[in-house]
Amino acid sequence: MAEYTALGKQPEVLFWVGCAGSFDDRAKKITKAFVKLLHQAKVEFAVLGTEESCTGDPAKRAGNEFLFQMQAVTNIEVLNAYEVKKIVTACPHCFNTLKNEYPSLGGDFQVMHHTQFLKSLLDEGRLSIEGGQFKGKRITFHDPCYLGRANDVYEAPRDLIKKLDAELVEMKNCRKKGLCCGAGGAQMFKDAEQGNKEINIERTEQAMEIKPDIIAAGCPFCNTMMTDGVKNKAEGQIEVMDVAELIANAKDL
Amino acid sequence: MNFPNVIFAFILVLGIGFFARNVGKLKRNIALGKDVDVSGNTTIRWKNMARIALGQSKMVRRPIAGILHVVVYIGFVIINIEVLEIVIDGLFGTHRIFSGIGSLYGILIGTFEILAALVFVAVIVFWFRRNVVKIRRFMSAEMKGWPKQDGNLILYFEIVLMGLFIIMNATDVEFQSLNSGNIISQFFAPLFEGYNLHFIERAAWWMHIVGILIFLNYLYYSKHLHILLAFPNTYYGSVKPKGEFNNLEAVTNEVKLMMDPTIDPFAASDDDGSTPDKFGASDVQDLNWVQLLNAYTCTECGRCTSECPANQTGKKLSPRKIMMDTRDRLVEVGANIDANKGEFIADGKQLLGDYITNEELWACTSCNACVEACPISIDPLSIILEMRRYLVMEQSAAPMELNTMMSNIENNGAPWPYNQMDRLNWKNE
C-alpha cells in the first residue's frame with residue numbers, strides 16, 4: 001500500500017489478508033489462490049503487509065473490549081492515512097469486524113468478503129470460471145457463521161461454486177441453520193469445554209451424510225476445523241478447499 | 001345492579017387490579033437494567049413486530065409445533081371477543097347481549113366453537129409432546145421441577161377454559177334452541193339431559209370468567225408472559241447485523257485518552273461519571289433493560305438450546321438456561337426490593353457464579369444460532385458476551401490459552417506468536 005501511495009496512486013481495492021492468511025500455512029494457500037485470481041482479473045490491489053495488525057475480533061469475542069478497541073483504533077488510523085475506501089478480505093471474522101464494528105470508531109469502508117468480490121468480478125465479466133477438474137464433483141458449502149447468520153451472505157459463494165459445473169449439495173443444516181465449525185468466539189485459541197464430542201467432528205459427520213467429494217469453505221478457521229474433522233473421520237475421501245482455491249485450481253492457476 | 005353483578009364487578013376489579021399491580025413490578029424490574037439506545041428504525045421495528053410476533057413468521061420454521069401454536073394463538077386472540085360479551089353480561093345482568101345482532105352472532109359463536117375445539121386438540125398434542133413423546137428439548141437439565149410443572153399447568157388451564165366454554169354453550173337451552181352457532185356444543189348438549197341445565201350453565205359461565213382472570217394473574221408468575229411481552233420484545237429486538245457486537249463507549253473514551261498525546265497524564269481527573277463502575281456484567285443490574293425484557297419474554301421453548309453447537313456436543317452451555325437464570329435472578333432481586341421497602345439490599349449473590357458458571361460462558365462459539373432460532377427475537381449471546389467482558393476486564397479470569405492469545409495480539413498484532421515483520425512472507429513463498 002505504501003508503494004501505491006508513494007506513486008500517488010490509489011488501488012482499486014485493499015486486500016486485508018488477516019492473521020490466518022498471513023501466518024497459517026494452510027490459510028496462506030488461500031491467500032495465494034485469491035491473489036492469483038485478482039491478477040487474472042487485472043484488479044489493481046494493495047496489501048498493508050507489515051502495517052496490518054489483528055482486527056481485534058478474537059479479543060472482542062473473548063470479552064477484552066480494551067484490546068479490541070486499541071487494535072481497531074490503530075488499524076483505522078493506518079487505513080484512513082492511506083485513504084482506503086474499499087476492502088476485500090478472505091476471512092469472515094475480519095469482514096464482520098471491519099464492516100460492522102469499525103464504523104462507530106471512525107473507520108467507514110466498503111467491505112466485501114472475497115466470495116462477494118469474486119462474484120462481482122464474474123458479473124462484470126472480468127473473471128471467468130471454468131469447471132475443469134471439478135466438473136461433476138459433489139461439492140457442499142459450509143456456511144461460516146460470521147458470513148452467513150452474522151451478515152446474511154449465503155448466495156455469493158454458492159453462485160461461484162455452481163459455475164464450476166459441479167453438483168452443489170446441501171447439508172441438512174445449511175444457510176441460516178448452518179452448524180458452527182467450533183472455532184468462533186475465540187474458541188480457535190483454546191481447548192473446548194468438557195463435552196461428549198468436538199463441534200468440528202459433529203459438523204464433519206453432517207457433511208459426510210451427503211457424501212461430498214469436497215467441502216468448500218469461505219473462512220480460514222472453518223477450513224482448519226473441517227480439515228481436522230476430515231482427518232479424523234474421512235481421511236482421503238473428502239477434501240476441504242476454500243472457494244477461491246476451487247476457482248483458481250479449476251483454471252490451473 | 002343486582003347482587004351477582006356486584007360480585008362480578010368486584011371479582012373483575014380485583015383480578016385486573018392485582019394483575020396491574022404485578023405489571024407495575026414487572027416494569028420496575030425491567031427498568032433496573034441499564035439504559036440502551038433503541039431510537040430510530042421505527043419502521044423496521046414495527047415491521048419486525050408485525051411479522052415475527054403478530055405474524056408468527058419464525059414459529060412455523062418448525063412446522064408441527066409452529067402450526068399448532070398458530071392455532072392456539074389465533075384461538076386465544078379471537079375467542080377473547082367472547083370475553084367482552086361475558087364482561088358486559090356480568091356487569092349489567094344481561095344474557096348474551098350480542099345475540100341481538102342476528103345471524104352474525106351464530107357465525108361468530110360458531111367460529112369460536114370451532115377454534116375452541118382446535119385449541120383443545122392442539123393443547124392435547126402439546127401435552128403429549130412434553131409428557132409422552134418427551135421431545136429432547138423439553139427434557140434438559142434446566143427443565144426439571146417448576147419449569148416442567150409450569151409448562152403443564154398452562155396446558156391444563158387451556159384445556160379447562162376451552163372445556164368450560166363448550167359446556168357453557170351446550171347447557172344454554174335458549175342458545176341451543178336457536179340452533180345457530182352451536183356447531184360443536186350441539187354434540188355435547190345431550191350429555192347434560194336430565195340435569196339442572198340452568199345451574200350447570202351458570203356454573204360453567206362463572207368458572208370460565210374466573211378461570212380467565214386467574215390465568216391472567218398466573219402469567220406474572222409463569223413463563224407464559226410471552227403472550228404479552230413477545231410484542232414489545234420483537235419491537236425492541238436488534239435491527240443490526242447479528243455479527244455486530246456493540247462497542248463499549250466507556251472503553252472508547254479510555255482508548256481515546258490513551259491515544260491522545262496532548263492529554264496531561266498528571267492532570268486531576270475530571271470524573272464526569274462517564275466511566276462505569278464496572279465493565280461487563282456480573283449481575284442483572286449490569287445488563288441493559290432490553291436484555292432483562294428478553295429474560296421475562298422467554299417461554300422456555302428451547303429452540304435456542306437445540307440449535308446450540310456447544311449444547312449439541314454435550315457442553316454445559318444452554319442459551320435457554322442463560323435466559324431463565326437471568327429472569328430468576330431478576331425476580332429474586334425484585335423480591336429483595338419489595339422486602340426492603342423499595343431498596344435493594346446486597347444479598348451476597350449475583351448472576352455470575354450463583355446462577356451462571358464460567359464454564360457455560362466459555363463454551364460459547366458466538367455463532368448466533370441461538371439468536372437465529374428464537375421465535376421472538378431474544379438474544380442470549382449478548383448476555384454471554386457481557387459476562388465474558390466482566391470476567392476478562394474486571395477479574396482477568398480468562399482461560400489461560402485465551403490470555404496467551406490476547407498477549408500475542410498485544411505484542412505482535414496476531415493471535416499467534418509470529419513476528420509482525422513476517423506478515424508478508426507468503427508473497428515470496
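What percentage of the contacts in chain B with a separation of 6 or more comes from residues 24 or more positions apart?

Reply: Residues 24 or more positions apart account for 76% of those contacts in chain B, where two residues are in contact if their C-beta atoms, placed from the backbone, lie within 7 Å. This is a predicted model, in which local features need pLDDT of at least 70 and side-chain atom pairs count only at pLDDT 80 or more, while totals for chains, interfaces and linings use all residues. Residues are numbered from 1 along each chain as its sequence is written, and chains are lettered from A and ligands numbered from 1 in the order in which they are written.

The secondary structure of chain B comes to 18 helices and 0 strands, these being DSSP runs numbered from the N terminus (H or I of at least four residues for helices, E of at least two for strands). Its C-alpha trace spans about 95 × 55 × 40 Å along the principal axes, and 38% of the 429 residues of chain B count as buried. A residue is buried if 20 or more other C-beta atoms lie within 10 Å of its own, exposed if 12 or fewer, and partly exposed in between.

The domain assignment, automatic or from a database, divides chain B into domain 1 (3-31 + 62-236) and domain 2 (249-398). Domain 1 of chain B puts 21 residues into the contact and domain 2 of chain B puts in 22. On the domain 1 side, α1 (3-30) and α8 (226-236) of chain B each supply at least two residues, and α8(B) gives the largest share, 7 residues.

Now to the helix itself, α7 of chain B, residues 197-218. Its 22 residues should span 32 Å at 1.5 Å a residue, and the end C-alpha atoms are 30 Å apart, which agrees; the expected span is 1.5 Å times one less than the number of residues. Within α7(B), the buried residues are B:Glu201, B:Ala204, B:Trp205, B:His208, B:Ile209 and B:Ile212. Seen down the axis of α7(B), these fall within an arc of 120°, so they line one face of the helix, the arc being that of the directions from the helix axis to the C-beta atoms. An α-helix has 3.6 residues a turn, so residues three or four places apart point the same way. The buried residues of α7(B) pack against α3 (63-92) and α5 (146-170) of chain B.

A nonpolar core is a set of buried Ala, Val, Leu, Ile, Met, Phe, Trp, Tyr and Cys residues joined through C-beta atoms within 7 Å. The largest such core has 143 residues, and B:Met387 is one of those that touch the most other members, while helix α17 (residues 380-394) of chain B gives the largest share of this core, 9 residues. Apart from it lies another core, of 26 residues, which includes B:Ala204 and B:Ile209 together with B:Leu161 and B:Ile184.

Two loop residues of chain B complete the picture. B:Lys134 lies in the loop between α4 (103-131) and α5 of chain B, has a positive phi near 50°, and counts as exposed because it has 10 C-beta neighbours inside 10 Å. B:Glu300, in the loop between α10 (289-297) and α11 (303-307) of chain B, has a positive phi near 60°, but counts as buried because it has 24 C-beta neighbours inside 10 Å.
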